[in-house]
Amino acid sequence: MIAIPDCSFNTTENRDPAAELLELSLGPQHPSTHGVFRMNAVLDGETVVRLQPVFGYLHRNHEKIAENVSYLASIPYTDRLDYLCSLTNNWAYALSVEKLTGLDVPERAEYIRIILAELTRLQNHTAFLGFLLGDMGAWGTALMYGFRQREKVLDLFESLTGSRMMSNYMRFGGCRCDFPEGWLEQARTVIDEYPEFLDEMEQLLVSNEILISRTQGVGAISPERAINAGLSGPILRATGVDYDIRKVDRYGIYDRFSFRIPIGDQGDTYDRMMMRLLEMRESLKILKAAIDEIPDGPIVNPKAKLRNLRPPEGEAYGRIESPKGELGFYLISDKQPQPYRFRVRPPSLINLTLLEEMSIGHKIADVMVILGSIDIVLGEVDR
Amino acid sequence: MLTLETIRDRILEAVPDAGVEIISNPGPSGQDSLLVSSGHGLAIALFLRDDPELRFDYCSNVTGVDWLDKTVKEKVIVREDDEDVETQVERVVPGYLEVVYHLYSISKKHGPVVLRLRTADRNEGVELPSLTPVWKSAEFQEREVLDLYGIRFTGHPDPTRLLMWENFEGHPMRKDYCAPDDDEPGDPITARERKEEAS
């Protein structure tokens, strides 16, 4: 039992001081917490007065494991961070090791990486929409619509990497294997069908009155707060901050593609949802161009060493724009086969920094929607 | 972006008696870092955030690093029986814990600048200033460093463990941490493992 905290910062001004506060523990086993995540909420009636996230239910000390195995052996572990987006996790890790060793990536491998990363973004955002609607009470239907479409992308992943979700695909200086025959044609069909799905989803959801009243003005934050709290990805851009690592760092070959970065205005749940819908359309543009332009050639740098890799002494921080936000890996090498320090910068954890600020003053049912709109995966939050 | 040398000089201009040192990175990534004296950590962080030319408003990554005591072998000339004799002496360089901050600027779109703060040692003097008042993004990450490395952050709004449970003892990410043996007594598989280990 936790003592009831001091609630002097309550934003509900006309609160009856004699009214009793209720402490409610949400989770860790609750469908709307997206895994094993717990929140200690203090309620005044139905209004949230205080909210404290509790972490660690899925903690397995991924960083410690990685400091005791070789560089290559960490790739399958990175799949299990944000298990919806294992391919972007692989890429972020491979990018950091490439920075640490000073390794180039052949052109075809760069194209493969971009195609897979954007497909990952598509399927993550598609699943996100389904989950968010589930949190709002449209349980099942929207999720299944999303999952039906997402499965087509996962089929592509399976035929390339051998696994729907745990891909273990990217390697230092390239990729593990080339596309099987007919893969690109199949991918093109999926991409060509996607706008139809997006239109349908938009028609079904975005003009829905219930959805608008549940999301607009709920959990709004200012851009200054969002930057200071280190938010990243779509929820940072929903507040109106123009910051996308694909454009800022231009890692890989993103500078060769023309795409736009959707920017929000209010920073509320509605904007955060719309960011995802708009981002998917931009991803489709990148995908179309990449599939058209992909050159032939090697998929892995011949100088790359996988087994018994001992990078030169030094450190490197590499980051990419994963579907959830800024995913970074910080590595220190002391010329041993294992990294001396292996650190994951988890966007899901840091995006939760403002959960309390977003939730205070809203109803308890809105907390589920706000949490859903942040889009967390507990494999990455707890690591 | 300004070079790291210029940033260092500007910090010294703004915070005159601060200790700032450039730690060069021998690897190919070329990400050098600034080692900052812990006493002036907060003032330097505020300067980096608010200086109109630097504007490091985004603290992306906060993490700890554990550097163990190092034994260095040195050759020393000792006078023995009116003769200079060269002998090897072992000297222990005390270890320390380190917090690393990766700073970016969203308004200026530059970065990263790597900021390092070091504790006095690994046992008692593990106190460092918390930079959460400057960048709120450090809140959970500093709690994680506190949890896994045992660095005490002064001025942190909620200095509790983040991932491990409340009554947990020890700091698992330290290099000399030994996991407790929590196997059930009398477990035949563990017993066989122990036997194999011993042989």
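Analyst: Of the 199 residues of chain B, 35% count as buried. This is a predicted model, where local features need pLDDT of at least 70 and side-chain atom pairs count only at pLDDT 80 or more, while totals for chains, interfaces and linings use all residues. Residues are numbered from 1 along each chain as its sequence is written, with chains lettered from A and ligands numbered from 1 in the order in which they are written.

User: What makes a residue buried?

Analyst: A residue is buried if 20 or more other C-beta atoms (placed from the backbone) lie within 10 Å of its own; 12 or fewer makes it exposed, and in between it is partly exposed.

User: Why is strand β6 of chain B called largely enclosed?

Analyst: 9 of the 10 residues of β6(B), residues 96–105, are buried, so the strand is largely enclosed by the rest of the structure. Strands here are DSSP E runs of at least two residues, helices are H or I runs of at least four, and both are numbered from the N terminus.

User: How do you know that β6(B) pairs with β3(B) and with β7(B)?

Analyst: Pairing takes at least two DSSP bridges between two strands. β3(B) and β6(B) are joined by 9 bridges, and β6(B) and β7(B), residues 110–118, by 7; so both pairs pass the cut-off of at least two. Each pair runs antiparallel. Tyr58(B) sits opposite Tyr104(B) in β6(B), and His102(B) has Val114(B) in β7(B) as its bridge partner. In the hairpin of β6(B) and β7(B), with 4 residues between the strands, Lys109(B) has a positive phi near 55°.

User: Why is chain B called more spread out than a compact globule?

Analyst: Its fold comes to 4 helices and 9 strands. The radius of gyration of chain B, taken over C-alpha atoms, is 22 Å. The C-alpha trace spans about 65 × 65 × 35 Å along its principal axes.

User: What makes up the contact between the chains?

Analyst: Chain B gives 28 residues and chain A gives 35, where contact means C-beta atoms, placed from the backbone, within 7 Å. On the side of chain B that touches chain A, β3(B) has the largest share, 6 residues.

Terms used: Two residues are in contact if their C-beta atoms, placed from the backbone, lie within 7 Å. The radius of gyration is taken over C-alpha atoms; the globule rule is 2.2 Å times the number of residues to the power 0.38.
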